[in-house]
Amino acid sequence: MNTIAPTRTAAWRDHQVDAGLGESLAVRVHAAVADGAELPARCPLVLHLPGGAFIGGDLDSGLPTARLLAESGSVVVSLDYPKAPARPFPAALQAAAALLRWLLRMRCRLAGTGSAIWVAGEEAGANLAAGLALWARDQRLPLAGQLLISPLLDPRMASASLRAAGQGCADCTIARGWHAFLGREGEHPYAAPLYAARLAHVAPAFVAVAEDDPLRDEGLAYAAALRAAGVAVQTQRLAGPTGWPQALTRLASLQSPWAAELRCSLRAFLAEGLACCPIVRRPSRRAGPAEPEAGASAA
């Protein structure tokens, strides 16, 4: 593993990864937490993208979701991706795509021989995870699934759940984030997956929303669109109050009843997916460009 002075804690290590972008990527690797006495020979490997409305968030604010995923039995690699407005779309997705290719080469070392890779995120990170899953499909890269928690997917901000929460106005954080993130790209399918014209053959999805979540309706709409395209989808609709998506940035939330329920569902989804995955081999060099390009898509 390419590292520069990793920072050690009881639960994770911080690394600087050279993924071929000309600048290193800051990642945090979380060890899987066993449900029983010991870990299996192989674990799910999850590329995690924190939330923050595209303009904020980092490895620390993403720590609760990363720990939740690790406690679901997976090795988690969280990425501190570039933020808008300084780095609008597709910078964050390019960083995530480069890390995905790197993880495909390192998966056996990180999670055991025969492991497979999922992409995951909360809020804006779930948007990036969904876009990355579309890109991976178009590049024919092996991806076991996508884990979308309270996904931020609708740049039109027209859902009833968003309006009921008093959000969606021009000066709210979500609106500022969308404006900064999209730049000139409008509704590029990798940036706004809810409006992608072609969703077929994307990796199986787990979509989690909460009754009191302002992003509930767009998450459910995306799950329905994936299902209509023939994609295997599992949807979890948690009872409130949860305080999502803000609660997903607080470690104390991991003691909440919804966290226990979500942890159990994630563990089952990941274990089922891993059992169905053959040993994936190193992708061909003909798989396509190393990162997404703005303005062109097969989605």
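## Rings and charges: worked exercises

Lysine 83 sits over the face of tyrosine 81, 4.4 Å from the ring centre; a charge counts as over a ring if NZ of Lys or CZ of Arg is within 6 Å of the ring centre and within 35 degrees of the ring normal. This is a predicted model, where local features need pLDDT of at least 70, side-chain atom pairs count only at pLDDT 80 or more, and totals for chains, interfaces and linings use all residues. Residues are numbered from 1 along each chain as its sequence is written, and side-chain values use heavy atoms, with hydrogens and water left out.

**Exercise 1.** Find which ring arginine 156 lies over.

*Solution.* Go to arginine 156 and look for the ring face below: that is tyrosine 195, with the ring centre at 4.0 Å.

**Exercise 2.** Work out how the rings of phenylalanine 206 and phenylalanine 269 are arranged.

*Solution.* Start with the rule: rings of Phe, Tyr and Trp (its six-membered ring) pair if their centres lie within 6.5 Å, and planes under 30 degrees apart are stacked, over 60 edge-to-face, the rest tilted. A search of the whole structure gives six aromatic pairs. Here the centres are 5.5 Å apart and the planes at 50 degrees, so the pair is tilted. Next, check burial: phenylalanine 206 and phenylalanine 269 are both buried (under 20% relative accessible area, 1.4 Å probe, protein chains only).

**Exercise 3.** Classify the pair of tryptophan 244 and tryptophan 258.

*Solution.* Take the distance: the centres are 5.3 Å apart. Then the angle: the planes meet at 90 degrees, so this pair is edge-to-face. Finally, tryptophan 244 and tryptophan 258 are both buried.

Methods: Buried means under 20% relative accessible area, exposed over 50%, partly exposed in between (1.4 Å probe, protein chains only).
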